[in-house]
Amino acid sequence: MASKPSASKAKKAHIPITGMTCATCAATIQKGLSRMPGVERAKVNFASEKASIEYDPARVTLSKVKNAISRLGYEAATRKSIFPVSGMTCASCVSRVEQALSGVPGVISVNVNLASEKATVEYIEGTEVADLRRAVKEAGYELGAEAETLEDVTTASRREINNIRNRFIVAAVLAAAIMALMWTPSFAGKPYLLWALATPVQFWAGWRFYRGAWGALRHRTADMNTLIAVGTSAAYFYSVVAVISPGLFAASGQEAHLYFDTSAMIVTLILLGRFLEARAKGQTSAAIKNLIGLQPKTALIIRDGKEIEIPIEDVQLGDLILVRPGERVPVDGIIRQGYSSIDESMITGESLPVEKTVGDGVIGATINKTGSFRFEATKVGKDTTLARIIRLVEEAQGSKAPVQRLADVIAGYFVPIVIGIAIITFIIWYLVGPTPALTYALLNFVAVLIIACPCALGLATPTAIMVGTGRGAEHGILIKSAGALERSHQIDTVLLDKTGTLTRGEPKVTDILAIPSSSQEEVLQLAASAEHGSEHPLGEAIVKAAADKKLKLLPASDFNAIPGKGVRASVAGKKLLLGNLKLIEDTGLSMNGLGIEAERLREKGKTVMFLGADSRVMGIIALADTLKPRAKEALQELHRMGIETVMITGDNRRTAEAIAHEVGIDRVLAEVLPENKSREVKKLQKKGKVVAMVGDGINDAPALAQADVGIAIGTGTDVAMETGDITLISGDLEGIATAISLSKSTMRTIKQNLFWAFAYNTALIPVAAGVLYLAFGNSGVPSGLNFILGEYGFLNPILAAAAMAASSITVVFNSLRLKRFKPAVT
């Protein structure tokens with residue numbers, strides 16, 4: 001029985017459920033939910049198809065409730081949306097936005113990405129977006145509208161970049177004027193002029209920092225905005241007091257210094273850093289923008305026999321669309337008239353054009369190379385392959401790797417610690433610092449606040465994840481989450497399904513042997529004529545082989561299928577038998593010396609068909625499920641990376657061993673039923689292996705789910721995008737090594753970023769606090785370092801701002817180096 005939460009903690013949720021067919025289904029779900037710890041009451045209504053629950057959010061989350069419903073065989077009706085978020089500056093902001101959204105009733109999961117400035121929110125159908133927006137606004141940020149079209153995904157970030165740029169330009173002009181005035185001889189009204197110039201920089205250009213700091217204060221936390229707002233305000237208001245009441249300083253025997261230049265330049269430099277950072281972050285999502293750019297703007301449809309050009313958004317299911325040579329295919333569909341060669345490299349990563357004819361599927365955004373054709377639209381708008389790929393890449397870029405969650409936790413404690421260090425710094429230098437003590441104490445206080453950079457810490461992981469997942473998409477590799485990208489670099493064993501993964505999944509004629517009185521062409525022609533019209537895969541393969549050789553099929557009569565053995569037919573006056581060894585033995589036909597060759601072919605794992613005529617065997621045809629192109633090279637690359645390869649199949653051991661030997665597989669697991677494949681994955685994991693399972697994404701679903709990383713093989717529009725952690729769109733095995741190599745490069749970049757972020761803060765916060773006074777306090781700073789360290793080794797706050805901006809930019813540009821990543825197999 002579920003435990004009863006306290007009334008103050010209890011929450012209610014109404015969850016739409018799909019898949020129920022009767023009242024028994026509702027009772028099953030209700031019973032399952034009622035047993036969950038933390039759920040006080042659960043009631044499921046079959047008529048309304050909703051579950052109403054009361055639960056304790058401290059003990060159970062809606063995400064767990066959703067998973068429980070899935071385990072029972074049903075689905076909670078949820079929606080996943082991506083919203084732009086403005087106003088975030090560091091990892092602390094990310095945490096606060098996530099907390100605000102998670103607190104909205106109906107929200108199941110939240111992932112906020114600082115680099116892309118987007119929030120990926122999964123919520124129960126019916127949850128009001130206005131509630132999400134209100135919660136984020138109360139936290140001190142702005143939640144934009146969900147993107148309705150592909151072009152919308154970059155609009156919000158472009159507006160934000162323009163806003164920062166405009167504020168930076170104004171701040172830079174005013175700060176330059178202040179700096180110039182600071183070096184001019186004193187004149188009446190100069191302090192007031194400096195004050196007037198510094199004020200718009202402080203409160204207009206720097207308003208974003210105050211707004212963020214106020215949002216943090218309301219939630220009793222602190223973030224990057226807090227550090228900047230407090231630091232610049234200290235310098236600004238100190239100067240204001242010096243302008244209004246200089247006598248206060250004179251009374252205590254101190255000179256009234258003005259630091260309007262310090263506050264203005266700090267705001268200007270930080271805005272410059274934010275602008276450059278935003279521009280660079282825009283490049284991390286270049287892959288998304290490139291994919292969006294592939295979408296044609298218009299389509300040429302055929303209506304009432306007329307060609308009409310319409311916007312792509314107006315294309316409807318069933319529309320007949322004309323595509324000419326050199327044009328992009330507007331949406332997904334099936335060719336109804338004509339044929340062509342289509343370049344699908346932008347979607348699948350496959351470099352060679354693909355021949356298409358009537359009945360073949362085409363993918364939107366691919367390029368028609370040769371002939372014109374007409375096709376029927378089968379997927380439009382958000383359902384096209386391109387739109388789904390963009391959606392999956394966006395979700396992956398918005399997800400969090402485990403290493404990022406650790407960085408976010410550290411960043412949450414970082415800002416309060418820095419504020420504490422700054423206060424201690426001020427007190428120490430005010431009490432024991434050189435004259436004027438108040439001035440040096442203030443400047444060191446400001447320097448500590450400004451130089452500390454949780455931004456670099458917050459950007460270290462998401463920027464690399466964004467570039468890495470985007471680069472994967474450009475090579476036809478869809479990485480579903482940051483966690484999958486992180487886990488992939490640890491893979492040491494790759495388990496591959498045979499049929500459809502290592503092989504093409506369809507039989508093909510590989511060998512034809514004929515007795516001396518016949519020929520290979522005659523054997524194939526007679527066999528294909530006998531099998532013409534057959535629906536058996538082996539028969540279809542023989543007919544196709546004859547067509548490829550342009551052999552004319554002869555009329556057949558007296559056709560008779562012999563179950564489990566083969567067929568009988570009369571062709572060109574000959575009574576033919578075509579089938580397996582059992583058929584030949586039962587009819588007592590002479591092997592004509594072909595028995596030894598047949599056995600040799602069987603040992604290679606091939607299926608042997610015998611063609612008999614006039615009481616003797618006149619030829620044999622061997623068929624096999626052939627390897628995919630470059631499969632051997634792909635596995636060689638995995639071996640070069642030190643990864644063990646294992647083939648798993650339901651085929652007999654002889655056939656499996658033959659394929660494994662040909663391609664270079666390390667180990668074979670043969671005669672494994674589909675339902676037992678996940679058990680084999682578990683066995684490897686118990687031995688300490690980090691396993692990637694590679695399969696077709698349908699029959700191998702349990703094994704893909706059990707593996708540390710599930711890699712689904714897909715082809716074109718039939719790609720199993722919802723299965724596995726990684727999807728290889730083209731179906732080429734080279735993508736396995738490329739995905740692992742990309743993961744290793746991405747993780748290496750993340751570690752470099754985190755090292756830089758930690759090293760920067762560890763080294764420079766003590767410098768800003770004045771530790772170098774111990775080295776230069778008595779002897780003085782060398783003349784070349786005066787501008788940087790001042791008279792006693794104290795860091796100039798303006799340079800602290802420049803260093804802080806440089807720290808974030810360095811991390812982003814280091815992540816952008818991943819754009820130069822090249823596939824492991826070329």
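Guide: Buried means under 20% relative accessible area, exposed means over 50%, and partly exposed is in between, with a 1.4 Å probe and protein chains only. Helices (H or I, at least four residues) and strands (E, at least two) are DSSP runs, numbered from the N terminus. This is a predicted model, so local features need pLDDT of at least 70 and side-chain atom pairs count only at pLDDT 80 or more, while totals for chains, interfaces and linings use all residues. Residues are numbered from 1 along each chain as its sequence is written, and side-chain values use heavy atoms, with hydrogens and water left out.

Visitor: Let's start with a helix. Which residues of helix H24 are buried?

Guide: An α-helix has 3.6 residues a turn, so residues three or four places apart point the same way. In H24, which spans residues 653-663, the buried ones are Thr 655, Ala 656, Ala 658, Ile 659, Ala 660 and Val 663. Just after H24 comes Gly 664, with a positive phi of about 90 degrees.

Visitor: Is Ala 365 buried or exposed, and is Glu 671 buried or exposed?

Guide: Ala 365 counts as buried because its relative accessibility is 0%. Glu 671 counts as exposed because its value is 55%.

Visitor: Now a strand. How many residues of strand E19 are buried?

Guide: In a regular strand the side chains alternate between the two faces of the sheet. E19 covers residues 493-497, and five of its five residues are buried. Thr 493, Leu 495 and Asp 497 lie on one side and Val 494 and Leu 496 on the other, so both faces of E19 are covered.

Visitor: Which strands pair with E19?

Guide: Two strands pair if DSSP finds at least two bridges between them. E19 runs parallel to strand E26 (residues 644-648), with five bridges; here Thr 493 has Glu 644 as its bridge partner. E19 is also parallel to strand E28 (residues 691-695), over four bridges, and there Val 494 is partnered by Ala 692.

Visitor: In what order do the six strands of the open sheet stand?

Guide: The order is E10-E9-E11-E17-E12-E15, and the pairing is antiparallel. Strand E10 (306-311) and strand E15 (361-362) are at the edges, each with a single partner strand, so one side of each has no neighbour in the sheet. E15 is joined to strand E12 (residues 332-338) by two bridges, and the two run antiparallel. Gly 333 is the residue opposite Val 362 in E15.

Visitor: On to the rings. How many aromatic pairs are there?

Guide: A pair of aromatic rings is described by the distance of the centres and the angle of the planes. Rings of Phe, Tyr and Trp (its six-membered ring) pair if their centres lie within 6.5 Å; planes under 30 degrees apart are stacked, over 60 edge-to-face and the rest tilted. By this rule there are 16 aromatic pairs. One of them joins Tyr 236 and Phe 237 edge-to-face, at 5.1 Å centre to centre and 85 degrees between the planes. Tyr 236 counts as buried because its relative accessibility is 3%, whereas Phe 237, at 42%, counts as partly exposed. Phe 373 and Phe 375 make a tilted pair, 6.1 Å centre to centre with 50 degrees between the planes, and both are buried.

Visitor: Which residues do ring pairs link into a cluster?

Guide: The cluster holds Phe 203, Trp 207, Tyr 210, Tyr 236, Phe 237 and Phe 260.

Visitor: Which residue lies over the face of Trp 204?

Guide: That is Arg 167, at 4.7 Å from the ring centre. A charge sits over a ring if NZ of Lys or CZ of Arg is within 6 Å of the ring centre and within 35 degrees of the ring normal.

Visitor: Which helix gives the most to the lining of the second largest cavity?

Guide: H10 does, with four residues. On a 1 Å grid over the protein atoms alone, a cavity is a set of points where a 1.4 Å probe fits but cannot get out, and lining residues have an atom within 4 Å of a point. The lining consists of Ile 270, Gly 273, Arg 274, Glu 277, Met 804, Ala 805 and Ser 808. Helix H10 (260-284) and helix H30 (797-816) each supply at least two of the lining residues.

Terms used:
1 Å grid on protein atoms, 1.4 Å probe; cavity = no way out; pocket = protein on both sides within 12 Å on 5 of 7 lines; lining within 4 Å.
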